[in-house]
Amino acid sequence: MTRTDSKDQFQGGVAWQGTVCFLHRTPRAFLPMRSFESLNLIAGRGIEGDRYLIENEAGFYSHKPEEGRQVTLFEMESLEAIMRDYAIELRPEEHRRNITVRGVPLNHLVFQRFRVGACLLEATRLSTPCRHIEEILGKPVFDPMIHRSGLNCRIIEGGEVRVGDIVRPC
Amino acid sequence: MAKAIRTVKTIVKDISEPLAGIKVLVLEDEDQWDLPPFRPGAHIDLHLGKKLVRTYSLCNAPHENSRYVLGVKKEDLGRGGSRFIHEGLEVGGRIDVSLPRGGMDFDQENMNIFVAGGIGITPFVSAIRHMENQSRANYVLYWSSNGPASIPEMIRPAIDAGRVHISDTRHDPFPDYAAIVSAHGQHSKVFCCGPEPMLRAFEQAVSSWPTERVHIERFSIAKPDIAGSDDTFKVVLSRSGREAVVEPGANIVHMLEELDADISFSCEGGICGACRTPWIEGPPVHNDRVLTPAEREKDVIVCVAGCAGPRLVLDA
Ligand code: FES
């Protein structure tokens with residue numbers, strides 16, 4: 001494969017650039033995710049007002065504090081694939097991750113750093129689906145979400161992320 | 001082992017007593033965030049204390065999604081749940097609740113006949129508010145009580161529109177269910193909620209009806225996450241000696257949490273491997289998608305496990 005001109009655009013052998021489509025957060029376990037035009041990311045801690053903000057945790061997994069789950073991302077393309085493959089409509093507020101992106105190969109970014117708007121994130125691990133999402137949604141989405149359940153990240157440089165922001169490697 | 005949060009935390013926003021012995025509770029999130037959605041006629045469990053879990057119907061309409069409203073009758077001879085609600089709850093107090101379950105599927109074109117007894121009105125309040133909100137008039141309610149009707153103001157528009165028949169069985173005749181259900185044509189769908197003797201009488205009246213046109217409201221138990229085993233077995237923790245009986249369809253993760261097992265859980269669906277534990281006696285029924293056959297000889301993915309024998313003894 002030929003290396004592209006811009007080192008910035010080269011990661012894992014593929015050039016990519018994506019966008020932020022939706023932003024969601026919820027303050028406590030099981031409550032519906034609410035859509036926002038912007039979220040405030042706090043370096044080393046999480047999202048202001050979200051259930052997994054470190055030192056203020058109230059999420060389903062808060063009994064297992066995890067430094068690498070400060071913000072979570074999900075692909076628009078996965079929502080479309082679940083519709084295509086299983087005829088299940090999973091809406092952006094239903095996958096329960098914070099940032100829904102398009103054009104970002106999340107499964108290839110583990111351990112890499114990338115920018116979302118002005119913020120710098122470091123991917124820590126792939127998200128795995130959790131059985132309780134089926135209970136919350138009343139939709140059989142556990143199996144369809146296996147291997148496309150998003151990405152967990154640590155926030156290296158915080159700031160405001162807005163819908164429409166560019167997501168790019170760095 | 002720290003436990004996962006398994007309930008929705010709510011605050012008692014309001015308590016009223018529209019009729020002596022009937023309390024109406026309004027529960028909200030502490031920041032008035034939306035609560036998990038529900039269908040008309042759904043119910044929730046209230047976790048009133050350790051081992052004191054009671055199920056009540058929601059009686060607001062699903063579009064009022066930032067609160068849960070419940071009507072609770074004080075049952076002096078009951079098992080303590082309604083007494084606790086009537087005597088121990090205060091505005092501002094905290095109640096943890098389950099996700100809503102159940103609900104009613106209405107017939108879109110034909111008549112929906114609601115038959116309520118006493119405080120069994122609550123799921124129909126939710127249903128009627130939902131129907132009225134959608135400007136739908138294809139329903140009728142027959143509501144009998146042994147005394148005055150408890151919460152009629154909650155369905156005032158339906159009463160004013162002539163869609164509600166209220167009777168007080170102290171002086172009105174006991175409702176003739178067979179006559180009621182046949183009065184609206186054989187394509188109607190019938191729904192009933194009330195005390196057990198009434199449900200039995202109603203069941204008899206509709207015994208020849210197709211089951212898909214009959215909805216008898218008995219609270220459904222929480223849907224099990226995993227169908228582990230068809231038979232009851234005992235799960236035993238060899239290190240602490242603690243044990244619990246796992247009924248068919250019961251959630252083994254919740255039981256192990258109750259036993260304070262030193263096992264981590266994450267996906268609870270048999271794919272992440274977090275709960276992998278050596279087993280001593282079984283043999284386990286493996287339902288995971290993680291272990292190889294050789295690994296299953298020693299270990300089990302507990303969150304989805306069943307047991308082929310009477311005891312699943314875990315090295316934990
Ligand atoms: S908790 Fe994930 S496999 Fe059991």
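Predicted model: local features only at pLDDT ≥ 70, side-chain atom pairs only at ≥ 80, totals over all residues.
The C-alpha trace of chain B spans about 70 × 45 × 35 Å along its principal axes. Chain B contains seven helices and 18 strands. It has 316 residues, and 50% of them count as buried. When contacts between residues at least 6 apart in the sequence of chain B are considered, 63% join residues at least 24 apart. The side chains of chain B include 34 positive and 43 negative ones, and the centres of these two sets lie 2 Å apart.

Helix H2 of chain B comprises residues 122-133. At 1.5 Å a residue, its twelve residues should span 16 Å, and the end C-alpha atoms are 17 Å apart, in agreement with that expectation. Nine of the twelve residues of H2(B) are buried, so the helix is largely enclosed by the rest of the structure. The buried positions are B:Thr122, B:Pro123, B:Phe124, B:Val125, B:Ser126, B:Ala127, B:Ile128, B:His130 and B:Met131. These residues pack against both strands and a helix of chain B. The strands are S4 (52-57), S5 (67-73), S7 (112-117), S8 (139-145) and S10 (189-193), and the helix is H3 (156-160).

B:Thr122 lies in helix H2 of chain B. Its relative accessibility is 5%, so B:Thr122 counts as buried under the 20% cut-off. With neighbours within four places in sequence left aside, B:Thr122 is in contact with B:Ser57, B:Leu58, B:Cys59, B:Gly71 and B:Ile151.

Just after H2(B), B:Ser135 takes a positive phi of about 55 degrees, although this residue is not a glycine. B:Ser135 is placed in the loop between H2 and S8 of chain B. In contrast to the buried residues listed for H2(B), B:Ser135 counts as exposed, with a relative accessibility of 66%.

A positive phi is also found at B:Asp260, where the angle is about 60 degrees and the residue is again not a glycine. The place of B:Asp260 is in the loop between helix H6 (252-258) and S14 of chain B. At 42% relative accessibility, B:Asp260 counts as partly exposed.

B:Gly282 and B:Pro283 are joined by a cis peptide bond, with omega about -10 degrees.

Elsewhere in chain B, B:Ser167 is found in strand S9, which covers residues 164-168. B:Ser167 has a relative accessible area of 17% and is therefore buried. Not counting residues up to four places away in sequence, B:Ser167 touches B:Trp143, B:Ser144, B:Ser145 and B:Asp172. Of these, B:Trp143, B:Ser144 and B:Ser145 fall within the range of strand S8 (139-145), one of the elements against which the buried residues of H2(B) pack.

Chain B is also in contact with chain A, through 28 residues of chain B and 25 residues of chain A. Between them the two chains bury about 2300 Å², 60% of it on carbon and sulfur atoms. A:Arg28, A:Phe30 and A:Arg131 supply 27% of the area that chain A buries against chain B, more than any other three residues.

Within chain A, A:Met76 is found in helix H1, residues 76-86. At 13% relative accessibility, A:Met76 counts as buried. A:Met76 and A:Cys21 are 55 residues apart in sequence, while their C-alpha atoms are 7.8 Å apart in space. A:Cys21 is one of the residues in contact with A:Met76 when neighbours within four places in sequence are left aside.

Key. Residues numbered from 1 in each chain as written. Chains lettered and ligands numbered in written order. Heavy atoms only, no water. Helix = DSSP H or I, 4+ residues; strand = E, 2+ residues; numbered from the N terminus. Buried < 20%, exposed > 50% of the residue type's maximum accessible area, 1.4 Å probe, protein only. Contact = heavy atoms within 4.5 Å. Lys, Arg positive; Asp, Glu negative; His and termini not counted. Charge placed at Lys NZ, Arg CZ, Asp CG, Glu CD. Expected span 1.5 Å × (residues − 1). Buried area = accessible area lost by both parts, 1.4 Å probe.
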